[in-house]
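Visitor: I am new to this structure and would like to look closely at a single part of it. Please take me through that part slowly.

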Amino acid sequence: MENQDLYPVTTNELLDKKAALAPKNVEAWRNFSKTVFEAGALDEKTKQLIAVAVAHVTQCPYCIRSHSKQAMRKGASKEEIMEAIWVAAEMRAGAAYAHATIAMDEMENTKTH
């Protein structure tokens, strides 16, 4: 299966079709997204680096492309983007290991025959 079959290329036509199916929701989403990524206590570059990391944890290919591009436009270097990705990888792996405590608890409390 080709990559474009699995993840179709986003086109303005597709975006318009999706928006037409739920225009109020799309308008609310766009306003929310715009507000979230505006500079505040965190600058725009930092917010985009966070988005790159989260996009890798959620494994959204569209978000990875979009936020990597936006991070660079906001001044992030390739090294900063890769470092953010490594932070995401550590957090995802760390969460799996941390949840081992649940398995340990079950193993300790389960009687075997």
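Visitor: How much area do domain 1 and domain 2 bury between them, and what share of it is on carbon and sulfur atoms?

Guide: This is a predicted model, and its protein chain is divided into domain 1, residues 9–38, and domain 2, residues 41–109. Between them, the two domains bury about 420 Å², with 54% of that area on carbon and sulfur atoms. On the domain 1 side, the residues that lose the most area to domain 2 are Thr10, Phe37 and Glu38, which together make up 85% of what that side buries. The C-alpha centres of domain 1 and domain 2 lie 23 Å apart, and the contact takes 4 residues from domain 1 and 7 residues from domain 2. As for salt bridges, the count between domain 1 and domain 2 is 0.

The two domains also take part in the largest pocket, since its lining draws at least three residues from each of them. This pocket has a volume of about 1100 Å³ and is lined by 27 residues, of which Thr10, Leu15, Lys18, Tyr62 and Ser66 lie nearest its centre. Two or more lining residues are given by each of α1 (3–6), α2 (12–21), α3 (23–36) and α5 (61–73), and the largest share, 9 residues, comes from α5. Sorted by class, the lining has 14 nonpolar, 8 polar and 5 charged residues.

Terms used
Residues are numbered from 1 along each chain as its sequence is written. This is a predicted model: local features need pLDDT of at least 70, side-chain atom pairs count only at pLDDT 80 or more; totals for chains, interfaces and linings use all residues. Side-chain values use heavy atoms; hydrogens and water are left out. On a 1 Å grid over the protein atoms alone, a cavity is a set of points where a 1.4 Å probe fits but cannot get out, and a pocket is an open set with protein on both sides within 12 Å along at least five of seven lines; lining residues have an atom within 4 Å of a point. Grid points are joined across faces, edges and corners, and a volume is the space filled by probe spheres set on the points. Helices (H or I, at least four residues) and strands (E, at least two) are DSSP runs, numbered from the N terminus. Ala, Val, Leu, Ile, Met, Phe, Trp, Tyr, Cys and Pro count as nonpolar, Asp, Glu, Lys and Arg as charged, and the others, Gly among them, as polar. Domain bounds come from an automatic or database domain assignment. Contact means heavy atoms within 4.5 Å. Buried area is the accessible area (1.4 Å probe) that two parts lose on being put together, summed over both. A salt bridge is a side-chain nitrogen of Lys or Arg within 4 Å of a carboxyl oxygen of Asp or Glu.
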